Amino acid sequence: MTKRTSAKHKLDRRMGENIWGRPKSPVNKREYGPGQHGQRRKGKMSDYGIQLRAKQKLKGYYGDITEKQFKKNYVEAARMKGDTGQNLIGLLERRLDAVVYRAKFAPTIFSARQIVSHGHIYVNGVKCNIASRLVKPGDEITLGKKAQEMALILEAQGLAERDIPDYVAPDGAAKVTYVRVPSLDEVPYPVKMEPNLVVEFYSR
């Protein structure tokens with residue numbers, strides 16, 4: 001399981017954006033960065049800085065996955081036919097923890113990863129505890145019986161701040177079907193994601 005090494009709200013403040021669209025984000029109150037020098041005026045960013053920031057934002061959005069995992073997704077996206085940036089988004093949205101989050105089985109991407117790693121999720125009827133597993137169109141993702149009564153999951157299902165996207169089809173409260181791999185404009189990001197800049201970063 002990937003360990004989150006820094007507080008998730010710090011990422012919001014470092015980026016200066018509420019990247020998950022959560023009402024409790026400190027960016028809603030303080031738009032400057034974290035730490036002692038957070039309020040310093042920022043200079044103009046270089047192309048490299050802009051590309052790095054786009055990568056950190058996208059990587060952070062999916063639960064701050066490790067650089068090794070993220071780069072592996074990029075290499076796979078570049079190998080596939082079509083636009084590398086779109087392919088990268090498609091691969092990230094196929095991750096099991098991302099689908100659990102999209103299905104509103106968890107309030108955050110971090111808790112989605114935890115629910116998967118604790119064995120509460122079934123893919124096509126088989127328990128799966130690998131958050132990075134890539135689901136395929138037609139796969140059914142189900143919550144285990146125990147998980148259906150967990151307060152965390154009930155809270156997530158009641159959240160008004162986000163809806164289940166069209167490419168994840170709910171069947172009752174405990175089961176969804178992954179319908180298709182989405183394109184960038186279908187993914188309900190609360191902030192602008194720029195996978196083209198991520199591609200430029202790794203292409204340097």
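1. Lys 55 is buried, at a relative accessible area of 5%; here buried means under 20% relative accessible area, exposed over 50% and partly exposed in between, with a 1.4 Å probe and protein chains only. The Lys 55 side chain joins that of Glu 67 in a salt bridge, with 2.6 Å from N to O; the term denotes a side-chain nitrogen of Lys or Arg within 4 Å of a carboxyl oxygen of Asp or Glu. Lys 55 belongs to helix H2 and Glu 67 to helix H3, 12 residues apart, and the pair links distant parts of the chain. Glu 67 is partly exposed, with a relative accessible area of 32%.

2. The model is predicted, so local features need pLDDT of at least 70 and side-chain atom pairs count only at pLDDT 80 or more, while totals for chains, interfaces and linings use all residues. Residues are numbered from 1 along each chain as its sequence is written, and side-chain values use heavy atoms, with hydrogens and water left out.

3. Helix H2 covers residues 47–61, 15 residues in total, and spans 21 Å from its first C-alpha to its last, close to the 21 Å expected at 1.5 Å a residue. That expected span is 1.5 Å times one less than the number of residues. Helices (H or I, at least four residues) and strands (E, at least two) are DSSP runs, numbered from the N terminus. The buried residues of H2 include Gln 51, Lys 55, Lys 57, Leu 58 and Tyr 61. Just after H2, Gly 63 has a positive phi of about 90 degrees.

4. Further salt bridges deserve attention; the whole structure holds 9. Arg 95 pairs with Asp 97, with the closest N and O atoms 3.0 Å apart. Arg 95 is buried at 2% relative accessible area, and Asp 97 is buried at 0%. Arg 95, Asp 97 and Arg 113 are linked in a network of salt bridges. Glu 194 and Lys 192 form another salt bridge, at 3.9 Å between the closest N and O atoms; Glu 194 is partly exposed at 26%, whereas Lys 192 is exposed at 60%.

5. The loop between helix H5 (96–102) and helix H6 (109–117) contains Phe 105, which counts as buried at 1% relative accessibility. Leaving aside neighbours within four places in sequence, the contacts of Phe 105 (heavy atoms within 4.5 Å) include Val 100, Ile 115, Ile 141, Leu 143 and Val 176. The C-alpha atoms of Phe 105 and Leu 152 are 8.5 Å apart, although 47 residues separate them along the chain.

6. Most residues other than glycine have a negative phi. Lys 104, in the loop between H5 and H6, has a positive phi of about 65 degrees and is buried at 10%. Asn 124, in the loop between strand E1 (121–123) and strand E2 (126–127), has a positive phi near 50 degrees and is partly exposed at 41%.

7. Asn 73 is located in helix H3 (residues 67–79) and counts as buried at 10% relative accessibility. Leaving aside neighbours within four places in sequence, Asn 73 is in contact with Ile 65, Leu 88, Leu 91 and Leu 92.
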